[in-house]
Structures are given as structure tokens and as C-alpha cells.
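Dear colleague,

Please find the structure below, handed over for your own work. My notes on what was found in it follow directly after.

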Amino acid sequence: MSTSRRNYHHGDLQASVLRVASKILEKEGLEGLTMRALARKAKVSHNAPYRHFPDRETLLAALAADGYAMLGQAQREAATKAGLRGMGEAYVNFALDHPQRFRLMFGGAVQIARHARLREIATQTYEGLSGALAARVPEAQGARDSSIAAWALVHGLAQLLLDNRISQGARDGRSREQFVRDVLAAVRFTAG
């Protein structure tokens with residue numbers, strides 16, 4: 001039996017490749033995530049990842065889709081405990097806990113329109129937020145605008161924190177979680 005064939009039969013190749021790719025992404029960023037490095041670290045032949053991911057963009061789209069699924073799950077769990085504010089906190093905390101995945105999801109490295117699964121999961125994640133806001137804002141246009149405003153707020157806060165644009169002094173000794181909670185609590189969304 002050839003080495004590549006033996007390596008291919010080590011279990012669920014697709015899941016294994018995604019797991020290893022996730023680790024490389026968070027540790028080394030997009031620049032470190034090459035198909036060759038991925039195959040080497042997954043201990044498979046250089047061609048094995050191509051069985052499930054015909055090119056690097058397809059792999060990145062799968063990682064981004066998994067990221068949106070993780071974000072959506074975190075927001076749903078937070079919503080049951082703390083409502084809209086909890087969803088916002090979950091968004092920011094997801095970005096800070098998974099900075100490279102977050103950058104992949106929103107950085108433009110993958111064209112969402114070209115990948116059906118990614119587009120579907122990203123849309124579902126956004127609709128989770130807009131649906132939660134729609135219950136509070138009676139008119140459709142107001143709900144859409146509120147959803148965009150809420151997204152801009154949490155995304156901007158996440159990005160500022162990721163890029164270290166908010167000084168430690170601004171936190172006044174608060175933990176990251178408390179700081180995020182306090183900032184989001186300072187904004188009130190009202191209809192009209």
C-alpha cells in the first residue's frame with residue numbers, strides 16, 4: 001500500500017484537515033495557512049486535502065462557515081441568558097477569543113457570494129440578530145436599520161479591541177468581559 005493511500009485512511013480526512021487548518025489559522029494567521037503546510041501538519045500526503053478542498057479559497061470558505069456557525073451558536077446561547085446585550089457580548093467575545101477566524105470571516109479573503117454554504121450560514125447568523133431586534137422594533141425598515149446599527153456597534157468594538165485601539169486606561173481596571181458589558185450597556189436602541 002502506498003504512503004499516500006495509507007495516510008488517507010486515518011479517519012475522517014475532511015474533519016481532520018479542518019481541525020488542523022483551524023489551529024494553523026489561529027496560531028499563524030492566513031499567511032501561515034498553505035495547503036502544503038496543512039498537509040504536513042495533518043500528516044497526510046500533499047494532495048490529500050485537495051480531495052475535499054479543491055483550492056485554498058474553498059478551505060478558507062469552510063473555515064469561515066464554521067466560524068459563522070460558532071458565532072451563531074454563541075449568540076443563541078447568550079440570548080437565552082441575557083437577551084440582545086448578551087448577543088452583542090457574545091459577538092465581541094467571539095472576535096477576541098478567535099481573532100484570526102474573525103478576521104477571515106470579515107476581512108474579504110473569501111468571496112461569500114461564491115460559496116453557498118458560507119453564504120447560508122453567514123445569512124442565518126445575521127438573521128438571528130435581526131430577528132431578535134425585529135421583536136422589539138415594530139416596523140420592518142426600523143428593524144433592518146436597528147440590526148445594521150447593532151452590528152456596526154459590536155463589530156466596531158470588536159475591531160477596536162482586536163487592533164488594540166482602546167487603551168488599558170480606558171478600561172479603568174475592568175476585565176475585558178466587564179468592559180465589553182459596560183460599553184454595550186451604554187447604548188440604548190429605541191424605535192423611532
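**Aromatic residues**

Phe-102 and Phe-106 lie 4 residues apart in helix α5 (residues 99-106), so about one helical turn separates them. An α-helix has 3.6 residues a turn, so residues three or four places apart point the same way. The two rings form a tilted aromatic pair, with 4.9 Å from centre to centre and 50° between the planes. Here rings of Phe, Tyr and Trp (its six-membered ring) pair if their centres lie within 6.5 Å, and planes under 30 degrees apart count as stacked, over 60 as edge-to-face and the rest as tilted. Phe-102 is buried at a relative accessible area of 1%, whereas Phe-106 is partly exposed at 26%. For these words, buried means under 20% relative accessible area, exposed over 50%, and partly exposed in between (1.4 Å probe, protein chains only). The search of the whole structure gives 6 aromatic pairs. Ring pairs join Phe-102 and Phe-106 with Tyr-68, Tyr-91, Tyr-126 and Trp-151 in a cluster.

**Basis of the values**

This is a predicted model, in which local features need pLDDT of at least 70 and side-chain atom pairs count only at pLDDT 80 or more, while totals for chains, interfaces and linings use all residues. Residues are numbered from 1 along each chain as its sequence is written, and side-chain values use heavy atoms, with hydrogens and water left out.

**The chain as a whole**

The chain holds 9 helices and 0 strands. Helices (H or I, at least four residues) and strands (E, at least two) are DSSP runs, numbered from the N terminus. The C-alpha trace spans about 70 × 40 × 30 Å along its principal axes. Of the 192 residues, 40% count as buried. The accessible surface comes to about 10,700 Å², with 51% of it belonging to carbon and sulfur atoms; these areas come from the Shrake-Rupley method with a 1.4 Å probe, and for residues only the protein chains shown count as cover.

Of the contacts between residues at least 6 apart in sequence, 64% join residues at least 24 apart, where contact means heavy atoms within 4.5 Å.

**Charges and salt bridges**

There are 27 positive and 18 negative side chains, and the centres of the two sets lie 7 Å apart. Lys and Arg count as positive and Asp and Glu as negative, without His and the chain ends; the place of a charge is NZ of Lys, CZ of Arg, CG of Asp or CD of Glu.

Side chains of opposite charge can pair when their charged atoms come close. A salt bridge is taken as a side-chain nitrogen of Lys or Arg within 4 Å of a carboxyl oxygen of Asp or Glu, and the count by this rule is 9.

- Asp-66 and Arg-117 meet at 3.0 Å, N to O. This pair links distant parts of the chain, with Asp-66 in helix α4 and Arg-117 in helix α6 (residues 116-134), 51 residues apart. Asp-66 is partly exposed at 22%, and Arg-117 is partly exposed at 44%.
- Asp-163 and Arg-103 meet at 3.4 Å, N to O. Asp-163 is partly exposed at 35%, as is Arg-103 at 30%.
- Glu-177 and Arg-176 meet at 3.6 Å, N to O. Salt bridges that share partners join these two and Asp-97 into one network.

In α3, Met-35, Ala-37, Leu-38, Ala-39 and Ala-42 are buried. Their cover includes α2 (13-32) and α4. Just after α3, Lys-43 takes a positive phi of about 60°, although Lys-43 is not a glycine. Lys-43 sits in the loop between α3 (35-42) and α4 and is exposed, at 65% relative accessible area.

Asn-164, also not a glycine, has a positive phi near 55°. Asn-164 belongs to the loop between α7 (140-162) and α8 (168-171) and is exposed at 66%.

**Arg-85**

Arg-85 lies in helix α4 (residues 56-97) and is partly exposed at 39%. Although Arg-85 and Ala-185 are 100 residues apart in sequence, their C-alpha atoms are 7.2 Å apart in space. Leaving out residues up to four places away in sequence, Arg-85 touches Arg-181, Leu-184, Ala-185 and Arg-188.

With kind regards
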